[in-house]
Each structure stands twice: as C-alpha cells, then as structure tokens.
Amino acid sequence: MLVPLLVRVGVLASTSMVVSLISVLLYEESSIAPLIMQPSSQQLLVTTTTMSGTVVGLLYPSIDSWWDNRPRTQDWGTVFRALLGFLGIIMSIAKLEASSAWEVSFALSMISVSIWWLVDGTRVGLAFSTVVMLVHVFAAQILAMNGAIKWQRPTFFFIDLSVCPLLFMATTVCGVLGRRLARSFPLTAPLPAPSRPTSRPSTPAAPISSTPATPTRLNQPHTHLRP
C-alpha cells in the first residue's frame, strides 16, 4: 500500500510543480495580464500550487468512490492531451495580443468548460472543480491584497479574471491525472477471482417401477410328478 501511494504522490507533485512553474513564468511575460512578484513570493506560490495539485489529485478518486461517480473513460492518452492542452493555453496567453482582458477571460471560460465536458462530464467533477477554484481564488485575493503577488491591471478585485478559468482547468487536469494513477497504482491489491468447482456429469437415477416386487420364497420343497 505504501509504494503505490508514494508513486502517486511523486507523479502528482512533480507534474504540479512543473506546470505551476511554467504558468507563473509565462504569466509574468503576458501582455494581457502581466504578473509582478518577488522571487520569494514566486517560490511560495509554486510550493502552494504543487501541494494543492497533489491533494486534489489524491482526492478525486476518493470522491468518485464516495458519490459513486462514473466519469468518462480516462486513459493515459486523455491525460497527456489534457495536460498538453492546458500548457498550450497558458503559452497562448503569454503570446496573445487582445484588446481586452475580458475577451480572454470569456474565451478561457468556454475552453475550460469544454475540457471538463470532454474529459470528465459529470456533475460531481464540475462541483468539485468549482469549489476548488473558489478556494484558490480566495487565497489569491488574500495574497494579492497583502502584496505577495500583484497584477498591473487587476480586473477582478485584486487579481485578474483570467485566473478563475485557469484554476478550474488546472483542477480538472489534476483530477484526470489522479484518477488514472489510482487505476494504475491501486492502494489495495485486487481480490483473486473465486475458483469455480469442476462440474461432473451427474448419473441419472434409475426409474422406480410401479409394479410391486414378487417376494421370493426360500427352502420350498420340490414336488415330483408321478406317472
């Protein structure tokens, strides 16, 4: 049980750290919603998002079991496509030239809902991703209010509005990865299939005769015929 758990935690933590580091670096170069932060704040943000992505990936399979949730088929190809799609969207934000950040936020919202529908498609996954997104948005508001991170042109209180669909999308991708890891590295060993008893051909029972049996007489004297 310990080895599969360590494998799942290691893969989720390393993937979340790489994705969060790339996202922060690209957001700092974005021309739509540039992000300003100190190196110490950058390390804190990457560490926090790494831990959050790991916890979310571990919680998704448990929530599916609790609520008897049955998402779409999620093989490793689906995981890689969702992960590469998310990174491609982050890179497009850094290079995209748009007249308004609201246009980008609206486009990202449509893309994030589409990704949820393609890789998950369940109400449980939608609700959990929304709750996780709201928690992270609240935490980002507190960090921005205290000056740990700062946007040049915030559009949603102290942060940029495009962060909301990106957080939703990141939660969905972590959930897909966590589900696939839970199937590949289960914490409990599968139960062996019960052995089926070998069936022997049954011998048909002899039919019971309805005619009463004639009793045999023992020691009967022999009769001699006289001429």
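The crossing of helices H1 and H6 is right-handed, a term for a near helix turned clockwise from the far one by less than a right angle. The model is predicted, with local features requiring pLDDT of at least 70 and side-chain atom pairs counted only at pLDDT 80 or more, while totals for chains, interfaces and linings use all residues. Residues are numbered from 1 along each chain as its sequence is written, and side-chain values use heavy atoms, without hydrogens and water.

**H1 and H6**

- H1 spans residues 2-28 and H6 residues 163-184; the two pack at about 160°, with axes 10 Å apart.
- H1 is therefore roughly antiparallel to H6 (an angle over 145 degrees).
- On the H1 side, Arg8, Val11, Leu12, Thr15, Ser16 and Tyr27 are in contact (heavy atoms within 4.5 Å) with Val163, Leu166, Cys174, Leu177, Gly178, Leu181 and Ala182 of H6.
- Nine nonpolar, three polar and one charged residue form this contact of H1 with H6.

**H5 and H6**

- The axes of H5 (residues 123-145) and H6 come within 9 Å, crossing at roughly 130°.
- H5 and H6 are therefore oblique to each other.
- The crossing of H5 and H6 is right-handed.
- H5 contributes Leu126, Ser129, Thr130, Val132, Met133, His136 and Val137 to the contact, and H6 contributes Cys164, Leu167, Phe168, Thr171 and Thr172.
- The contact of H5 with H6 comprises seven nonpolar and five polar residues, with no charged residues.

Technical notes: Axes fitted to C-alpha atoms, helices over the stretch in contact; angles between N-to-C directions. Helix = DSSP H or I, 4+ residues; strand = E, 2+ residues; numbered from the N terminus. Parallel < 35°, antiparallel > 145°, perpendicular 65-115°, else oblique. Nonpolar A, V, L, I, M, F, W, Y, C, P; charged D, E, K, R; others polar.
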